[in-house]
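Open the model in your viewer and keep the selection panel at hand. The stops below say what to select next and what is there.

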Amino acid sequence: MSVYERLVEQRRVILGTAVLVSLIGIVAATTMPRQEDPQIPDHWGLVVTMFPGADAEKVERLVVHPLEEHLAEVHEIKHVVTTIRSGTAITLVELRFPLDDVNHAWDEVRRSLAKAKREFPESAGEPILDEKLQDHESVVLAVSGPMDPVTLADIAEAMKKEFLSLRDVSRVKVIADPGEQITIEFDDSVLRRLGVDPLLLKGQLSARNLTIPGGSIKLGGKKIVLRLNDEFESAKDIASTPIVLPSGAGIPLGELAKVRRGPDEPASVKMRFDGKSAIGLGIIPRKGINVVGFGETVRKKVEELRSRYPEVEIGETAFQPDRVRARLLNLGSSLLLSVMTVGGVLLLFMGLRLGLIVASIVPMVGLTSLAIYYWGGGVLQQISIAAFVIALGMLVDNAIVVSESVQGLIDQGLDPKRAAIQVIRELALPLAAATGTTLAAFLPMLLAQSVTGEFTRALPVIIMVTLTVSYVFAVSVTAILSSSFLKRSTETKESRFRELGAFLGRLSLNHYGAILIAAGLLVAGSLGATGFVDRRFFPGSDRNQLIVELKLPEGAHLSEIDAAAAKVEAKLTARPDVVSVAAFIGRSAPQFYYNLPRLPESPHLAQIVVTTVDNESVEPVIRWSREYVRNELPEAEVVGRRLQQGPPLDAPFEVRVLGWDLADLSTAADMVMAGLKSIPQAADVRHNMGVGVPTIHFRIDDAAAARHGLSRSDVALAVQGRVRGLEVGKFRAGEDPVPILIRSKAGENYPAEDLHSIDVATTGGKPVPLAQLARSDIEWLPAVIHHRNGKRAVTVSAQLAEGATYSRILKALKPKIAAMNLPKGVYVEYGGEAESSDEANAGMFKALPVALVVLIVILLVEFNSFRRVAIILVTVPLAATGVVPGLLISGEAFGFMSLLGIFSLAGVVVNNAIVLIDRIEICRSMGADLSQAIAEAVTMRTRPILLTTATTVFGLLPLALSTSNLWPPLAWAMISGLTASTGLTLLVVPSLYRVMCAREVTRQLEAAT
């Protein structure tokens, strides 16, 4: 008994196994982890380095240069981008892709940071690395109430602990924490009258706030710890501390200065929700969990906390689990609709018995593939579900061929079981080759080494698994079902397809020259029309959310951007198409969406997250925001953006101006920005080079200071004690230490005209005015300096106007930049979507040779003929005849998703050609001449090829018509390309075979005679 006979005989085992694995797929569908989008790899890290009191140029020279030099030694790093401001350097580190061990790479980064720290000045802080930038806050809550900020922060901290107790919660971030400090405010006139200075107060208070262990004694066989009254226990305790005056008298601190407990001053970040001051809680889930279930658990905890803290309000700024549920339900509906549509097409065109057999294979293959994906650690998200929708129409191809072949043999009078065995024997290898070539078409997607390729990795994985399973089921389950249920057919559906096939066969034989010329012209014309197709890397999100970003000039005080944001918030809240408004001042919005860029430590920045009533309201709100800010807040820079799909980008269109001289960079950036502003498709054009910040520079006279026994540090401490404050120590009565600062009442509001009269204490006890020790002048210093890979850089950015694409702007701007006379040593490079698209496409095309080798080897094994392989490969460009017109008609831009559609399309087109040529070869082996073999093959294969096209097209329609912006470019590329290429394949392949194999047939006949 042959293996084919054994296969058909074991029907119970095979069918039982198929049903059981399908049931496992149903269980997997209900228990798998769920999220909206794929997890982007942790290839980005943020390094924050503090250098208090240093201007931007000093931070660059003393901190950033050694930092970047040591980071350059880490070969795993791809880009280093640094933003340098007064007292701070923020460095974004991007790793290369792919990496075998990301954790090792971050360890190397830490070692480089440690080396760099040794070269920093003593007053510079430790570079702190956060490499978990892709851990986004799936839930962002706003806690608001009538109490003071410190009390509200205490409540938020207590809530944080409650959320951390939940099993699925990884981390909880407190957003816009006001901080806490104890401030000792003094009046210079009071201190001067009593002969006291801030340094004396600091010294005495510090001596009374030390943590010194008292030791222990042995008493009664036990160890008794000795505890001393060495730390302050309350603000009242601090105020009652006696201060010894120079006269020897003692006086409570509270009579010299005011002691109060409050938030950090000056404030560095704020948050509001619907106009109310708030503190945010960003809740990060653990990886690999069901985010929908996580959301339900969080909501239960929120309700519990509302009853426990009735005095506060807990609002939802962002709630990702709801988005995940809606997205998966939408795609699940598309999948179910595709299944029903494919089943209807099969029943309509194949008849009841054949249609039911093939249709029954669809859910079994899909569920089995889902079970395999689940066992491999897969996650249900929009890419993976859409992959099943795409695979749906493709997986029936093998089943159609097998079932129709069994039906044909039964109609010829063969026993059903023998018919199934013969079909498996004839088609097992050809279908394996056809499936293998289709799989090869997906290899570039599978092997693409880029962040974008990683983002879409589930697509090729699932399609390749599904097609492999469909082949296994076709030569086993489909054959067995066909032998069990098919009978001699009396239907006329097939005869109509045979008539069409016979007509196409005659057309190919009689007019092959005209067909080939027409096909060549169509391909050339379609390729020539590519210039009319817009390019867009990834489409925008379909969320009913947007971000309005406000920026004042670098160096602006937080209070100024706070006031500007408050005006915009009030107007937005009053709009009927706005549901909620959350403002984050001094920082970017939390990463509630997977690819939002983080912008910490930005006192001139405010980001307002707006939720609208629906997706259609997003663009009107963006347009209104631009107009309102430009008219009412002309000093502010506004950027309105909807959320974007794909890898993170700061802006869709970017031009980087690189060099070293700041003046030349400023000149070049202004030139590029002027050129960009002249292009109508560019919106919100701006650059990130600050205009500078005024700085009062005190030039200390060392000789004068020395005469009074003073040093530069003494003078600096005197100024610091009036404005920022001198730290006395830490107040440790609570869970977290709270700094104790001593400063003047005015603090950062200290009058500029009074700075020269600041008293500088001397060892002799008589203070000296600052004016006798230093002279001052005002300098205009850079407020911010940007670096990219060690060079100074200015980025000119733009959003896309409604309906615009980056390719249109790029096409219009390049000639303008080429005509510019840029300063010597300055050059430009393009970022944004253009750069990311090039990198993603390069990752795909780098893997293309591997796919071609696999494809050609499979074809050579199958046909052992270079001519036949060439015929099959010629069918690939035939798809272009439909793709370009399809994108133009549907209004979709060409981007990464449509490129994925083209690769998917190539596999189907090649498969059709293989099936057709294989049938020609079978007919010739049975004694038919060339013309008869071609005519018979086209007649017999027209129906399965058209059915495969129909099921694929109708299966893709739900994605093409989806409300999601991500899938229509891919779906329309496949639908239009497959529709056009199928008709051409049925004509071009026979015609090419007729031309290219005629001599071969003649030689074979001559050799036989």
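This is a predicted model: local features need pLDDT of at least 70, side-chain atom pairs count only at pLDDT 80 or more; totals for chains, interfaces and linings use all residues.

**Stop 1: the whole chain**

Show the protein chain as a cartoon. It has 33 helices and 31 strands; helices (H or I, at least four residues) and strands (E, at least two) are DSSP runs, numbered from the N terminus. Its C-alpha atoms fill a box of roughly 130 × 80 × 55 Å, taken along the principal axes. Of the 1009 residues, 55% count as buried. Buried means under 20% relative accessible area, exposed over 50%, and partly exposed in between (1.4 Å probe, protein chains only).

Switch to a surface. The protein chain exposes about 42500 Å², and carbon and sulfur atoms supply 58% of that area. Accessible areas come from the Shrake-Rupley method with a 1.4 Å probe; for residues, only the protein chains shown count as cover.

Among contacts in the protein chain with a separation of 6 or more, 81% are between residues 24 or more positions apart. A contact means heavy atoms within 4.5 Å.

**Stop 2: G295 and helix 10**

Select residues 291-308, which make up helix 10 and contain G295. G295 is buried, at a relative accessible area of 2%. For a distance check, draw a line from G295 to I383: their C-alpha atoms are 21 Å apart in space, and the two residues are 88 apart in sequence.

**Stop 3**

A salt bridge here is a side-chain nitrogen of Lys or Arg within 4 Å of a carboxyl oxygen of Asp or Glu. R299 is partly exposed, with a relative accessible area of 30%, and E316 is partly exposed with a value of 30%.

D322 lies in helix 11 (residues 320-350) and R299 in helix 10, so the pair ties together parts that are 23 residues apart in sequence. Select E296 and R325 as well: salt bridges that share partners join E296, R299, E316, D322 and R325 into one network. D322 counts as partly exposed, at 29% relative accessibility.

**Stop 3: K78 and E839**

Which pair comes next? The side chains of K78 and E839 meet in a salt bridge (3.0 Å, N to O). This pair links distant parts of the chain, with K78 in strand 2 (residues 77-85) and E839 in helix 26 (residues 832-846), 761 residues apart. K78 counts as partly exposed at 28% relative accessibility, and E839 is partly exposed at 34%. The structure holds 58 salt bridges.

**Stop 4: helix 29**

Select residues 880-890, helix 29, where A880, T881, G882, V883, V884, G886 and L887 are buried. What do these buried residues pack against? Show helix 19 (512-528), helix 28 (866-878), helix 30 (896-925) and helix 32 (968-996), which are their packing partners. Just after helix 29, G891 takes a positive phi of about 80°.

**Stop 5: D542**

Go to the loop between helix 19 and strand 17 (545-551), where D542 is placed. Is D542 buried or exposed? At 14% relative accessibility, D542 counts as buried. Show R327, N615, T963, S964 and N965: D542 touches them, not counting residues up to four places away in sequence.

Note on methods
Residues are numbered from 1 along each chain as its sequence is written. Side-chain values use heavy atoms; hydrogens and water are left out.
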